[in-house]
Amino acid sequence: MKKCTCIGVIGCGNISDAYFNALPSFPHVRLKAASDLLPERSKAKAERYGFRAMTTEELLADPEIELVINLTTPEFHTAVNMRILEAGKHAYTEKPFGLDREAGRKVLELAAEKGLQTGGAPDTFLGGAHQTCRALIDSGAIGRVVSGTAFMQCHGHESWHPGPAFYYRRGGGPLFDMGPYYLTALVNLLGPVAEVAAFGSRAFSERTITAPEAKEKSCPVEVDTHVAAVLRFVSGAVVNFAMSFDVWRHSLPCIELHGTEGSLSVPDPNCFGGEVKLFQPHLADWAKIKLTHGYTDNMRGIGAADLARSLSGGVPARTCGRLAYHVLDVMCAISESAERGAFVKIESACDRPAPLPAGLRHGQLELEA
Ligand SMILES: NC(=O)c1ccc[n+]([C@@H]2O[C@H](COP(=O)([O-])OP(=O)(O)OC[C@H]3O[C@@H](n4cnc5c(N)ncnc54)[C@H](O)[C@@H]3O)[C@@H](O)[C@H]2O)c1
């Protein structure tokens, strides 16, 4: 019989609703409780979603809870992940996996020492659109991928997030905030990165906060808010990559990959669905491709559900710590390259996560071997 994994969540802020809405779609997990430094937040979510509000101490001491999802802000990710593992529970964290390589390594090492699993977001690459792209690449639809582009350009989060200051501190900025979506999507499609070269800049030293619910009116900028890099993958593909919080408007595609036999337009890696387009030389223009995989709505939490599924054997977790650490390593290398004006080689490696089976529909993840 398939095992049901009992889950706890630490951090009940802005993104937690997406998890609380999606987790009940997975019958092999059960959300038991959540905590927050601000108890009124966990209490309000508990009442709304029908789980228990606990203190973090209570949650970590609960023997029924096996897996804890860490939805705190980036500066707390490592400390909270270490506490979860110390408590003998598997740890799944929101991105980034840490603020630097040492922090990420500490978490991997403690998990290995304790025989526990760790991993993290983003899990959008498990969505129907990115899995369809993965199946197209694996079937040779565009041949050997030679080049590509990956662009995320916006004007930051201060117009909508009630507490956006963390996006402009270490662990934030467009690279550490949005980079994980693009890099994880690219590693899923192309495999690991071998080397990077980058430049960075910041347009403002302070950001004006206009979100209606925000208490603060401005926040200082401590990180680069425009980062442009070139990534060389182990496969040989070379991808132009630019993440920016300094752009008011643009017309650039999210991700395009170009191969020896065609081109693939890959939709927003911050979403689970989206339009997939393929071009092959016999076609007059891009052809819109029908998605072959399910999970196309906001399914944040599917990565934690996948990690829970992996606990009972079978396919290893797709959102595993090695993948999350590799993405962190690439982001650190991009920052170093921009600072030092030098190419930086990537030391970590990871496998491409196993694809989800074609035709896997909403609610069926737990059925997978
Ligand atoms: N907001 C989004 O749209 C979004 C989307 C995807 C991912 N994320 C990621 O999710 C994480 C959280 O983002 P958010 O927007 O929800 O932030 P937030 O500031 O709205 O919420 C974070 C919550 O964590 C709590 N917290 C912080 N440290 C804690 C600790 N040590 N113990 C217990 N609770 C603690 C805070 O009190 C707060 O309620 C970040 O890593 C962010 O990058 C956010």
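1. A definition to start with: two strands pair if DSSP finds at least two bridges between them. With that in hand, welcome to this structure, which is a predicted model. The points below go from the sheet to the domains, then to one residue and the ligand.

2. Take the open sheet to begin with. It has 9 strands in the order β16-β15-β14-β13-β7-β12-β11-β8-β17, and the pairing is mixed. Its edges are β16 (287-289) and β17 (344-345), each of which pairs on one side only.

3. Now look at one pair within that sheet. Strands β14 (residues 263-266) and β15 (residues 276-279) run antiparallel and are joined by 3 bridges.

4. What lies across β7 (145-153) and β14? That is helix α8 (residues 179-190), which also lies across β11 (226-233), β12 (238-244) and β13 (255-259). Relative to β7, helix α8 runs at about 160 degrees.

5. Stepping back, the protein is divided into domain 1 (5-124 + 299-317 + 353-367) and domain 2 (128-289). Their C-alpha centres lie 24 Å apart. Where the two domains touch, 14 residues of domain 1 are in contact with 20 residues of domain 2. On the domain 1 side, the touching residues divide into 9 nonpolar, 3 polar and 2 charged.

6. Strands β1 and β2 deserve a visit too. Strand β1 (residues 5-10) pairs with β2 in the parallel sense, over 6 bridges. Why is strand β2 (residues 29-35) described as largely enclosed by the rest of the structure? Because 5 of its 7 residues are buried.

7. Is Y92 buried or exposed? This residue is found in strand β5 (residues 90-93). A residue is buried if 20 or more other C-beta atoms lie within 10 Å of its own; Y92 has 32 C-beta neighbours inside 10 Å, so Y92 counts as buried. Leaving aside neighbours within four places in sequence, Y92 is in contact with L67, I69, N70, G119, G120, G303, A304 and L307. For a sense of distance, the C-alpha atoms of Y92 and L175 are separated by 21 Å, with the two residues 83 apart along the chain.

8. Finally, the ligand. Which of the 23 residues around the ligand come nearest? They are G11, G13, N14, T72 and E94. By type, the residues of the shell around the ligand divide into 9 nonpolar, 9 polar and 5 charged.

Technical notes:
Residues are numbered from 1 along each chain as its sequence is written. This is a predicted model: local features need pLDDT of at least 70, side-chain atom pairs count only at pLDDT 80 or more; totals for chains, interfaces and linings use all residues. A residue is near a molecule or strand if its C-beta atom, placed from the backbone, lies within 6 Å of it. Ala, Val, Leu, Ile, Met, Phe, Trp, Tyr, Cys and Pro count as nonpolar, Asp, Glu, Lys and Arg as charged, and the others, Gly among them, as polar. Helices (H or I, at least four residues) and strands (E, at least two) are DSSP runs, numbered from the N terminus. Two residues are in contact if their C-beta atoms, placed from the backbone, lie within 7 Å. Axes are lines fitted to C-alpha atoms, for helices over the stretch in contact, and angles run from 0 to 180 degrees between N-to-C directions. Domain bounds come from an automatic or database domain assignment. A residue is buried if 20 or more other C-beta atoms lie within 10 Å of its own, exposed if 12 or fewer, and partly exposed in between; C-beta atoms are placed from the backbone.
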